[in-house]
Amino acid sequence: MRIRNVIICVLCSLSIIGCAKEKTFTEKADQSIENIDGALHFATADVFHETVKQLASGEITLADFESTYRFKSLSSYVDEAFDALSDIDTEDLWRSCFAFYSDVVVTDNEGIVFPKIPSRAHSNICNREGVYYVGDVRYQITPDELIATSVSPETKAETSVSLEYIAKDPETKVTVTESIKPVSERYMTSDRQVIGEASIIRITTYNGSTSTARLRLDFYVEIYASGQKKGLFGWNSYNTIFTLEKFCCTVPVTYNANINPVVLQLGGDFNNFIEEVSTHERSNWTWQYPLGSLTATPFDVMPSNFGRFSFRVLSRGTGDCGAFYVKGLYPPYAEIPACR
């Protein structure tokens, strides 16, 4: 592993290769999705939202999707960065590698690596610069906001709108990092730790230009897992197996429609946990679950809190214990300890 990482990082730093895997084009490409100069163009909002949903559910794999459209997503660059940085035991080489990928990953004050864009759903469909197109609107995802830009066909003037894409829970305090994710928890042993983070992601498109009032909003919950082990210069990412269990989610969304407040319950029955699921060996992983949609709404709606929410993320390195979070559940569901 170390020899492989050395080769990758040296070649990347010298710009001899583009650090991109060779892809095989298939003939299954949907003509309503095009790769133009490295950015995906979705013909309609329906095509875009359906693609995001299929990738989140695993109905189509990211590898097959990228191969079909000769496209490399931000998610793939992030995964590549984690692979390259894992198990490096020379600090100079690690810093050189990190510098090459510093536009796609960041570190916290303990040197733990995280994706720079905290939304896997967006990262699956945008390029390394965070750009994708739906209809005539250009979207760019940043660590803090989604920027939608349209051009007037008459005046050619650009109009840009900044949109939130990650819900913030004012009742929750981040306990691990400076991450903008509302929930970030960890479980640590003497030489291993697992981090579990949760966020509500909003996928937004305009029906027409950004001056059009109608929006389509899809909501997803993402549970992010990351594993680290102690190295010579701090915590290093390493490949392990993650397990998600004790997960449930019910999120209230309130907005005013014709003056009357409307409350939507996104998610499932909070009295039942979603079946536990494990991964293959990875240094990090994101589970994605659709919560619900609002279509043709004139309101810029975002969940105001997490409602009822719980999860426990285990790693092979931490055994039967892991990062856990629980809020708003009633006994016996509220009793979720760190260990099984």
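Visitor: In this protein, what share of the contacts with a separation of 6 or more comes from residues 24 or more positions apart?
Guide: This is a predicted model. Among contacts in the protein with a separation of 6 or more, those between residues 24 or more positions apart make up 65%.

Visitor: Which element of the protein has the lowest mean pLDDT?
Guide: The mean for the protein is 81, and 77% of residues reach 70 or more. Among the elements, strand 2 (residues 39–42) has the highest mean, 98. The lowest, 47, belongs to helix 1 (residues 2–13).

Visitor: How many contacts beyond four places in sequence does the model have for residues 10–27?
Guide: Over residues 10–27 pLDDT stays under 50. Where pLDDT is low, the predicted coordinates should not be read in detail. For residues 10–27, the model's count of contacts beyond four places in sequence is 25.

Visitor: Which strands are the edge strands of the open sheet of six strands?
Guide: The strand order is 1-2-5-6-7-8, and the pairing is mixed. An edge strand pairs on one side only.

Visitor: What percentage of the residues of the protein count as buried?
Guide: Buried means under 20% relative accessible area. The protein has 340 residues. The share that count as buried is 49%.

Technical notes. Residues are numbered from 1 along each chain as its sequence is written. This is a predicted model: local features need pLDDT of at least 70, side-chain atom pairs count only at pLDDT 80 or more; totals for chains, interfaces and linings use all residues. Side-chain values use heavy atoms; hydrogens and water are left out. pLDDT is the predictor's confidence in each residue, from 0 to 100. Helices (H or I, at least four residues) and strands (E, at least two) are DSSP runs, numbered from the N terminus. Contact means heavy atoms within 4.5 Å. Buried means under 20% relative accessible area, exposed over 50%, partly exposed in between (1.4 Å probe, protein chains only). Two strands pair if DSSP finds at least two bridges between them.
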